[in-house]
Amino acid sequence: MSDDTIDPFGFPAVGRKKVTAAFDGGRITSDGGVMLLAAAERRMGIAQRLASLIADPRNPLLVTHSVADILRARMLAIACGYEDGDDLDHLRTDPGFKLACGRLPDSGDDLCSQPTLSRWENAPTLREVVRMTYAMIDAYCASYQRPPTAITLDIDDTVDVVHGHQQLALFNAHGACPRA
């Protein structure tokens with residue numbers, strides 16, 4: 001039987017402290033900051049607040065992932081730089097993300113998969129989206145002792161030049177206008 005473990009190795013001391021690298025940490029995550037984000041999200045109750053505004057037609061006896069759990073996983077993934085829903089197929093077993101979503105890293109159920117996430121990203125009606133927008137505005141205003149008299153929205157003006165007649169190019173002024 002072969003031993004696939006690598007012996008620890010040392011680095012130069014730092015301030016008379018021994019530094020050793022070892023590869024026996026078990027399952028780890030590179031997204032430890034997700035725990036802080038999750039604490040802030042739970043304190044504000046964003047996922048639960050938004051989930052309460054979306055109708056859930058599923059049979060409660062067959063539900064594995066609540067709408068709040070799905071929203072929480074998606075929000076945390078986006079906040080950590082995983083904008084693509086496909087990333088949830090990898091993150092659903094990540095110990096840090098599982099802990100952030102209230103599940104045990106090894107024995108807890110995995111988070112939702114990309115297909116489940118996609119169904120819920122497209123599920124809310126326009127009326128529900130409008131209600132969620134107002135809920136987020138209310139949450140923002142509630143973070144102040146006295147609500148602000150005005151809010152300025154700095155819309156993302158990232159230049160995403162499109163070429164040809166790509167779908168949805170009309171939302172990009174740079175793709176819709178000919179160059180001078």
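A nonpolar core is taken here as a set of buried Ala, Val, Leu, Ile, Met, Phe, Trp, Tyr and Cys residues joined through side-chain atoms within 4.5 Å. In the structure described, which is a predicted model, the largest such core has 25 residues. Those with the most contacts inside this core are Leu50, Ile54, Val67, Leu71, Leu76 and Phe97. At least two core residues are supplied by each of α1 (34-44), α2 (46-51), α3, α4, α5 (95-100), α6 and α7 (126-142). Helix α3 provides the largest share, seven residues. In soluble globular proteins, nonpolar side chains tend to be buried together.

The surroundings of Leu71 were examined next. With neighbours within four places in sequence left aside, Leu71 is in contact with Ala47, Leu50, Ala51 and Ile54. Leu71 itself, together with Leu50 and Ile54, is among the residues that have the most contacts inside the core.

Two packed helices are described by the angle between their axes and the distance between the axes. For α1 and α3, the axes come within 10 Å and cross at roughly 130°. Helix α1 is therefore oblique to α3, and the crossing in which α1 passes α3 is right-handed. On the α1 side, the residues that meet α3 are Val34, Leu37, Ala38, Glu41 and Arg42; their counterparts in α3 are Arg72, Met75, Leu76 and Ala79.

The axes of α3 and α6 likewise come within 10 Å, but with a crossing angle of roughly 105°. This angle makes α3 roughly perpendicular to α6. Val67, Ile70 and Arg74 of α3 form the contact with Thr116, Leu117, Trp120 and Glu121 of α6.

Within helix α6 (residues 114-121), the buried residues are Gln114, Thr116, Leu117 and Trp120. These residues lie on the same side of α6, because they cover an arc of only 160° around the axis. An α-helix has 3.6 residues a turn, so residues three or four places apart point the same way. The cover over the buried residues of α6 includes α3 (67-79) and α4 (88-91).

Because its relative accessible area is 26%, Arg58 is classed as partly exposed.

How values were computed:
Residues numbered from 1 in each chain as written. Predicted model: local features only at pLDDT ≥ 70, side-chain atom pairs only at ≥ 80, totals over all residues. Heavy atoms only, no water. Buried < 20%, exposed > 50% of the residue type's maximum accessible area, 1.4 Å probe, protein only. Helix = DSSP H or I, 4+ residues; strand = E, 2+ residues; numbered from the N terminus. Arc of directions from axis to C-beta. Contact = heavy atoms within 4.5 Å. Axes fitted to C-alpha atoms, helices over the stretch in contact; angles between N-to-C directions. Parallel < 35°, antiparallel > 145°, perpendicular 65-115°, else oblique. Left-handed = near helix turned anticlockwise from the far one by under 90°.
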